[in-house]
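Me: I should like to learn how to read the features of a protein model, one at a time. Could we begin with the terms and then turn to the cases?

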Amino acid sequence: MTVTRRALFALLPLALLQFVLIPHALPAQVSSERLLHSADEPRNWLTYSGAYSSQRYSQLKQVGPGNVKDLEMKWVFQAQSLLSFSATPLVVDGVMYVTQAPNDIVALDAKMGRIFWTYHYSPSPGRLCCRGSVNRGVAILGDTLFMATVDAHLLAIDAKSGRLVWNTKVAEASAAYGMTLAPLVVKNKVVVGVAGGEYGIRGFIAAYDAVSGKESWRFYTIPGPGEPGHDTWSGDSWEHGGAPAWITGSYDPDLNLIYWGTGNPGPDFNPQQRSGDNLYSDSVVALDADTGKLKWYFQFTPHDGYDYDATQIPVLVDANWNGSARKLMYWGNRNGFFYVLDRASGQFLLGKPFTNVNWASGLDDHGRPILTPQPSGATIYPALLGATNWYSPSFSPRTGLFYMSTWQNYGMALAPGDPIEYKEGQNYMGGKFSAPEGTVGMPGMQRGAINTWHEGNAHGVVMALDPQTGEKKWTFEMHDVTTSGVLTTASDLLFVGGREGFFQALDARTGALLWKANLGGETAAGPMTYEVDGRQYIAIAAGHSLFVFGLR
Amino acid sequence: MPFPIPNRARSGEVLASLFVSLCATTMLAAQAETDLLTKYAPSDIQGGSRIYTAQCAACHGPNGDGVAKVDLRSGKFSRASSDDDLRKLITTGVSGTAMPPFKFDSPQLNMIVAYLRNMREFGSHTVKVGEALRGQTVFEAKGKCITCHRVNGKGSRIGPDLSDIGGSRTAEVLERSLLDPNASIQPANRFVRAVTRDGKTVRGRRLNEDSYTVQIIDEQEHLVSLVKADLREYTVIKTSAMPSYKDTLNADERADVIAYLLSLKGSQ
């Protein structure tokens with residue numbers, strides 16, 4: 001390690017020369033054009049769900065059914081955080097960007113897991129959001145990363161240096177607004193949605209200029225006075241009606257529409273306090289990407305009293321429907337139904353339960369649930385955390401199947417609560433739910449050390465659905481419930497974690513277990529895959545760490 | 001933080017060692033002195049300097065020698081040897097002298113002690129501070145500082161980002177960096193030069209290093225990770241890539257640049 005004078009002098013003129021000749025004319029790291037075609041550069045993972053269509057499907061196929069047993073752990077990133085690790089990393093040309101809960105960003109060498117830089121953010125101490133204070137990842141445009149924070153700020157961070165570029169306050173953290181989602185970059189805008197549906201917020205989705213951080217548009221998920229849909233809320237219940245938007249949406253560049261799922265109306269379990277359909281809670285909204293104007297909406301669960309957030313990932317697929325090419329949207333919903341919509345018009349095409357459902361007997365021709373209210377104290381299926389939830393689903397264009405993690409046989413007893421008054425920053429849920437009669441408990445947000453509680457109430461199932469019919473093609477049964485996203489690849493592999501701590505590779509065509517690894521901690525994130533120097537890697541968060549696998 | 005620190009858990013240690021290299025008048029500072037200095041956070045020393053100026057300088061003078069037979073910069077105190085002694089003395093005052101008791105809280109006391117212990121390295125002479133606006137022009141044009149440094153999103157990332165440098169450096173330290181960069185460069189900002197097995201030379205600022213690998217930002221501003229076993233040559237350059245501005249800029253221009261740098265307090 002000797003310093004040679006020659007080395008030193010060689011260094012400076014070169015550095016100077018470069019910037020004198022081409023001052024700051026460096027190519028943008030990730031252009032909006034690259035984001036449009038991100039699925040075509042499978043070595044990278046440029047958005048939360050891998051591409052604007054949110055299929056969480058990769059064209060990589062070096063790892064396949066024949067060699068998946070040769071996967072070994074290449075490196076681990078141990079987060080300096082005991083909060084749930086819910087992030088999906090991005091990988092851009094060999095550099096990985098992942099969040100460390102609540103709101104740090106770490107840039108790592110994607111091949112070896114060594115750290116380039118860490119950005120640390122301290123959320124305001126008075127914040128109330130969110131259940132778990134998690135973060136699901138960053139978005140990127142150019143050389144800038146974007147992170148939504150639990151205290152409802154949107155930050156722009158330089159991807160090369162980890163330094164703050166701008167910090168925009170999106171909403172009041174003291175009123176329980178917060179953000180846990182990975183932002184979605186569309187053209188020159190950064191789109192986010194807020195969480196806080198259990199605290200009487202008024203939800204919204206908003207877009208910010210990627211360069212200045214200034215708000216470009218805001219769409220309230222609850223219409224204000226004079227706006228269409230406002231009359232679906234009785235009295236002034238709209239003011240604190242919830243309808244958060246806490247999961248990343250999808251984008252169709254041809255239609256220039258952003259699709260975003262919205263959450264429950266509030267108070268969650270006191271629907272009598274908010275008569276009406278409560279638009280646009282528990283819906284998918286299609287918004288003009290430039291203006292935020294509502295193009296169409298579809299409400300999955302009108303006047304919800306069960307906390308059936310429609311905060312799932314909208315999966316966009318172009319496919320034949322009854323013989324003609326259609327732009328479709330597949331949606332496995334927390335309320336227990338699988339839906340197919342026409343994403344140009346919002347038209348309902350198919351709806352079918354994928355688990356035991358008794359709050360509705362089915363859906364009518366327009367997709368509206370046919371309600372079957374249960375007597376007080378009777379078991380309601382599915383229970384509040386849903387038949388599925390925010391765990392990313394996957395669609396493989398090769399198999400034509402839709403995959404998701406689900407909870408089966410998951411019920412609750414629900415008793416109506418006394419009317420509840422809104423107080424800023426306070427829980428605004430109402431009602432009383434409990435384990436169904438004859439069971440010892442209900443699975444909660446996180447698992448305990450030993451799984452003994454669940455006998456007779458809920459377990460996890462990864463399933464493959466034929467989207468043309470809603471029929472199950474195969475199921476993969478788990479002992480415990482699951483909070484893992486699903487990834488499929490062009491070699492017909494399906495990767496999925498679970499609450500038990502295993503990371504599994506299944507045959508995407510049959511559901512057969514091909515490989516597993518015990519990671520010793522719950523997966524509450526989605527797997528992703530990327531390639532560096534010609535080698536494919538698969539990353540998954542479990543416990544408080546990110547594990548990266550590759551072939552021996 | 002003024003520059004990317006690879007390992008957050010060690011940031012305090014890194015900062016402390018940086019301060020040593022910044023404040024030592026030469027890189028040949030005695031080991032004992034180095035150990036002494038690493039005990040105090042730069043932010044505490046900085047804070048202590050401000051309190052000193054406001055509360056103590058009226059009697060003790062800007063250079064600590066305003067009271068007869070007392071030289072605070074000497075590092076020797078006739079009535080106190082440990083830091084605890086110093087804190088107690090400041091709190092109780094010295095009866096029979098003009099030194100009154102002060103009601104500082106604990107963090108303030110720590111800052112003052114940190115400053116007293118490092119006073120010798122501060123303000124050995126008065127540094128001229130010019131005009132920040134003029135300094136920005138010199139920084140960007142004649143000084144060509146943005147060919148290596150970045151301020152609020154403008155300039156290169158090859159050198160350390162200076163967007164909040166004014167929050168962690170004094171005028172004296174900044175002047176020293178301008179005149180004698182080699183004496184001021186921090187270990188975390190050192191450049192490395194590596195030659196790969198296929199003969200490719202890679203240069204850049206070191207961001208992180210372990211026994212087997214090193215992470216840098218290279219001259220094209222790429223984040224690059226290198227496996228040492230794959231390198232034919234690997235050199236950590238302990239001198240600075242920054243030229244001295246002793247002759248390139250005149251005293252007034254340097255004073256303006258210092259004013260500009262002092263004005264940079266970051267965006268958060």
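Reply: Let us begin with burial: a residue is called buried under 20% relative accessible area, exposed over 50%, and partly exposed in between, with a 1.4 Å probe and protein chains only. By this rule S54(A) is buried, because its relative accessible area is 2%. This is a predicted model, in which local features need pLDDT of at least 70 and side-chain atom pairs count only at pLDDT 80 or more, while totals for chains, interfaces and linings use all residues. Residues are numbered from 1 along each chain as its sequence is written, chains are lettered from A and ligands numbered from 1 in the order in which they are written, and side-chain values use heavy atoms, with hydrogens and water left out.

Me: What is pLDDT, and what is its average in chain A?

Reply: pLDDT is the predictor's confidence in each residue, from 0 to 100. Chain A averages 92, and 92% of the residues score at least 70. Over residues 1-28 of chain A, however, pLDDT stays under 50. Where pLDDT is low, the predicted coordinates should not be read in detail. For residues 1-28 of chain A the model has 44 contacts (heavy atoms within 4.5 Å) beyond four places in sequence.

Me: Where is S54(A) found, and what is its phi?

Reply: Helices (H or I, at least four residues) and strands (E, at least two) are DSSP runs, numbered from the N terminus. S54(A) is found in the loop between α2 and β1 of chain A. Its phi is positive, about 60°, although S54(A) is not a glycine. D492(A), which is not a glycine either, has a positive phi near 60°. D492(A) lies in the loop between β32 (486-489) and β33 (493-496) of chain A, and its relative accessible area of 8% is why it is classed as buried.

Me: Which residues does T47(A) touch, and is T47(A) buried or exposed?

Reply: T47(A) is found in the loop between α2 (32-36) and β1 (57-58) of chain A. T47(A) counts as buried because its relative accessibility is 9%. Leaving aside residues up to four places away in sequence, T47(A) touches L35(A) and L90(A). A polar contact is a pair of N or O atoms within 3.5 Å; within protein, one must be able to donate a hydrogen and the other to accept it, and residues adjacent in sequence count only if both atoms are side-chain atoms. Here a polar atom of the T47(A) side chain lies 3.0 Å from the backbone nitrogen of A51(A).

Me: In what order do the strands of the open sheet in chain A stand?

Reply: Strands of a sheet pair through backbone hydrogen bonds, either parallel or antiparallel. Two strands are said to pair if DSSP finds at least two bridges between them. In chain A, three strands form an open sheet in the order β25-β28-β29, with antiparallel pairing. β25 (379-380) and β29 (432-434) of chain A each have a single partner strand, so one side of each is left without a neighbour in the sheet. β25(A) and β28 (residues 412-415) of chain A pair over two bridges; T379(A) has A413(A) as its bridge partner in β28(A).

Me: Which residues are joined by cis peptide bonds?

Reply: One such bond joins G266(A) and P267(A), with omega about 0°. P267(A) is found in the loop between β16 (257-261) and β17 (283-288) of chain A. Another cis peptide bond joins Y381(A) and P382(A), with omega about -10°. P382(A) lies in the loop between β25 and β26 (394-396) of chain A.

Me: How many salt bridges does the structure hold?

Reply: Side chains of opposite charge can pair when their charged atoms come close. A salt bridge is a side-chain nitrogen of Lys or Arg within 4 Å of a carboxyl oxygen of Asp or Glu. The structure holds 41 salt bridges over all chains. One of them joins the side chains of R43(A) and D93(A) (3.2 Å, N to O). The pair links distant parts of the chain, 50 residues apart: R43(A) is in the loop between α2 and β1 of chain A, and D93(A) in the loop between β3 (90-92) and β4 (95-100). R43(A) is partly exposed, with a relative accessible area of 38%, and D93(A) counts as partly exposed at 40%.
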